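Below is a briefing on one interface of a complex. The notes are grouped by topic.

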Protein chains: 6
Amino acid sequence: MSRYEKGKQVLESIQEKSLEELFKSIDDIAPDISRFVVEFPYAEIYTRQEVDLKTRELCTVAALTVLGTVPQLKDHINAALNVGNTPTEIVEIIMQMSAYCGFPKAINSIAAAKEVFVERDLI
Amino acid sequence: MSRYEKGKQVLESIQEKSLEELFKSIDDIAPDISRFVVEFPYAEIYTRQEVDLKTRELCTVAALTVLGTVPQLKDHINAALNVGNTPTEIVEIIMQMSAYCGFPKAINSIAAAKEVFVERDLI
Amino acid sequence: MSRYEKGKQVLESIQEKSLEELFKSIDDIAPDISRFVVEFPYAEIYTRQEVDLKTRELCTVAALTVLGTVPQLKDHINAALNVGNTPTEIVEIIMQMSAYCGFPKAINSIAAAKEVFVERDLI
Amino acid sequence: MSRYEKGKQVLESIQEKSLEELFKSIDDIAPDISRFVVEFPYAEIYTRQEVDLKTRELCTVAALTVLGTVPQLKDHINAALNVGNTPTEIVEIIMQMSAYCGFPKAINSIAAAKEVFVERDLI
Amino acid sequence: MSRYEKGKQVLESIQEKSLEELFKSIDDIAPDISRFVVEFPYAEIYTRQEVDLKTRELCTVAALTVLGTVPQLKDHINAALNVGNTPTEIVEIIMQMSAYCGFPKAINSIAAAKEVFVERDLI
Amino acid sequence: MSRYEKGKQVLESIQEKSLEELFKSIDDIAPDISRFVVEFPYAEIYTRQEVDLKTRELCTVAALTVLGTVPQLKDHINAALNVGNTPTEIVEIIMQMSAYCGFPKAINSIAAAKEVFVERDLI
């Protein structure tokens with residue numbers, strides 16, 4: 001299996017969406033960036049066994065809370081749920097971030113988490 | 001036990017240093033900020049049972065990689081080791097961050113991790 | 001009066017809104033974060049006499065301009081007005097930030113200030 | 001010609017919009033900030049001959065991708081096109097940024113570029 | 001008096017250093033950037049009467065705490081003292097920032113303040 | 001030629017240093033991150049013909065000025081010189097960034113450029 005095929009499989013398994021759906025808004029002008037995402041983080045990082053996916057996705061939620069990019073935060077809150085985190089664990093880690101990146105980014109990230117939980121009928 | 005005593009105990013247990021040592025450089029001009037750190041993140045967040053300390057500290061390492069504040073990153077790499085993470089797990093999560101905050105911050109954070117590992121005779 | 005009660009009183013007096021209204025969008029999934037905001041910045045910082053509230057809120061507007069989190073910036077532009085700053089003073093400080101965080105964040109923050117001023121019939 | 005007149009001419013030539021239109025949303029509360037933008041970056045920087053405008057605007061697109069301020073990114077994607085960059089060159093530079101600021105900001109910036117390209121009937 | 005002369009006078013009065021001393025490390029390769037700093041923030045912003053210099057410098061300290069650029073933070077802690085702020089007021093505002101940008105940046109900024117206070121024999 | 005070999009060749013040609021030298025400080029604890037840098041940005045991005053290397057490296061200098069990571073900024077100022085940019089062009093683009101990320105980051109980046117120019121006997 002090629003690096004691309006391996007990465008695509010991992011990405012679609014974690015995100016529970018097809019690659020096409022995830023990148024449909026930008027693939028017509030930048031087809032290579034979805035390939036980069038598939039071949040680098042998904043084929044090369046999320047496949048590594050040193051840390052399990054449940055912990056990896058929680059760390060990504062922490063990172064995206066600090067970064068403040070809401071669309072990707074929502075994608076990875078979904079991914080975090082898909083690989084076995086509970087809504088409570090996700091909220092806990094976002095709250096923890098308030099000590100490191102301040103309350104505004106933490107509060108906006110909890111609002112993003114709530115949107116995901118509502119979309120999935122979890123609350 | 002007061003909130004302060006509880007937080008101080010948790011902080012000193014995680015960091016394996018006394019509060020006085022950790023804040024000695026700033027306590028003479030800002031004595032309250034160490035109290036805030038004790039009473040808010042340590043008494044209120046790291047004591048919560050919803051996520052274990054091992055995962056919490058790995059998420060903090062992820063966050064501080066994105067934030068780029070090296071002294072606190074080193075403190076929490078130490079803390080992450082103290083609560084049961086291996087050097088490999090810490091390096092894995094920092095590498096994972098390169099996809100979210102770019103290579104420069106990831107590489108500088110790996111250099112910080114190496115300094116900690118050397119100080120602790122782990123490599 | 002408990003720390004929570006003191007912080008709640010200060011927050012509601014500065015923001016001129018009830019705590020429930022301010023946090024209604026996230027309190028169902030993360031009830032503790034509003035308590036953290038009440039007990040830490042409001043009970044512990046905004047109550048301190050060393051700097052007056054008018055200056056503190058102007059500094060928070062400066063900080064949130066650099067941070068770029070619009071919802072909290074709007075809350076604190078409201079708060080800055082509530083504790084005695086004029087629209088002119090708020091706009092001045094945001095303009096001053098252009099030298100430190102660049103024009104894009106300053107311009108977007110002035111647009112946020114304008115929304116607040118319109119909501120309050122100030123312009 | 002005064003500094004202001006020179007800067008206004010350069011700004012309007014690069015942006016292909018009148019100064020009034022570009023700043024109409026904030027000029028009533030902060031008339032001086034558009035003057036600062038005219039007199040500092042446009043009169044003083046974009047007029048310098050050491051680097052051509054085509055390269056300057058591509059560098060600004062790179063910077064605004066890292067900064068993450070979408071309205072100004074869209075203005076400068078427009079400007080980059082106006083001074084001779086192709087959509088392909090703009091997308092290339094934004095993709096390149098994924099290595100320095102991570103995929104989330106690069107992907108959101110490509111989505112912003114797509115909006116501009118659609119508005120200009122380029123795709 | 002020209003814009004440059006006015007700005008130079010304000011800058012030197014606030015910073016209590018000559019322009020040459022402040023920019024000596026970079027003036028040989030980028031002589032225009034000190035002119036930009038003189039003509040834009042100092043001639044155009046710090047001269048405005050709408051907010052007094054004491055408050056303006058405290059807001060700049062807040063902003064630079066969030067931004068995390070230590071050399072300029074130290075310059076403006078010096079400036080804040082020069083225009084009438086006490087060490088206590090400066091420390092207060094930096095501590096306040098912990099709620100907005102997290103503890104790491106606030107703690108590193110307090111350490112920078114301490115260096116300035118030691119250099120000025122204030123502690 | 002494999003992706004790795006192609007990327008290594010491009011990286012060493014642009015940086016004018018061996019991969020081993022560039023990553024010697026972290027390769028013992030994180031050998032894969034240098035491979036990621038080789039295989040992703042160097043094999044996949046800097047090899048693309050849509051934008052020439054001279055412009056690409058100037059855009060990277062712009063990005064790293066906004067990001068504020070000095071070691072990588074210095075590496076890419078070196079790279080920018082290696083692929084044909086003059087010191088003047090590099091300083092111009094960093095100065096231009098002051099409008100987008102503020103003066104502190106621009107000034108610190110000019111100081112970094114000066115260190116590189118001195119190391120290369122260019123001034």
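D:Arg3 and E:Glu39 form a salt bridge (a Lys or Arg side-chain nitrogen within 4 Å of an Asp or Glu carboxyl oxygen), with 2.9 Å between the closest N and O atoms. The model is predicted: local features need pLDDT of at least 70, side-chain atom pairs count only at pLDDT 80 or more, and totals for chains, interfaces and linings use all residues. Residues are numbered from 1 along each chain as its sequence is written, chains are lettered from A in the order in which they are written, and side-chain values use heavy atoms, without hydrogens and water.

- The interface of chain D and chain E holds six salt bridges by the rule.
- On the side of chain D that touches chain E, helix H3 (residues 31-45; helices are DSSP runs of H or I, at least four residues) gives the most, with seven residues.
- That side of chain D has six charged residues (Asp, Glu, Lys, Arg), three nonpolar and no polar.

**Extent of the interface**
- Nine residues of chain D contact nine residues of chain E (heavy atoms within 4.5 Å).
- Chains D and E bury about 840 Å² between them (accessible area, 1.4 Å probe, lost on being put together and summed over both), and carbon and sulfur atoms give 48% of this area.
- Of the area that chain D buries against chain E, 53% comes from D:Arg3, D:Phe36 and D:Phe40, more than from any other three residues.

**Confidence**
- The predictor gives the complex an ipTM of 0.97 and a pTM of 0.98.
- Chain A has a mean pLDDT (the predictor's confidence in each residue, from 0 to 100) of 97, and 100% of its residues reach 70 or more.

Note on methods
Buried area is the accessible area (1.4 Å probe) that two parts lose on being put together, summed over both. Helices (H or I, at least four residues) and strands (E, at least two) are DSSP runs, numbered from the N terminus.
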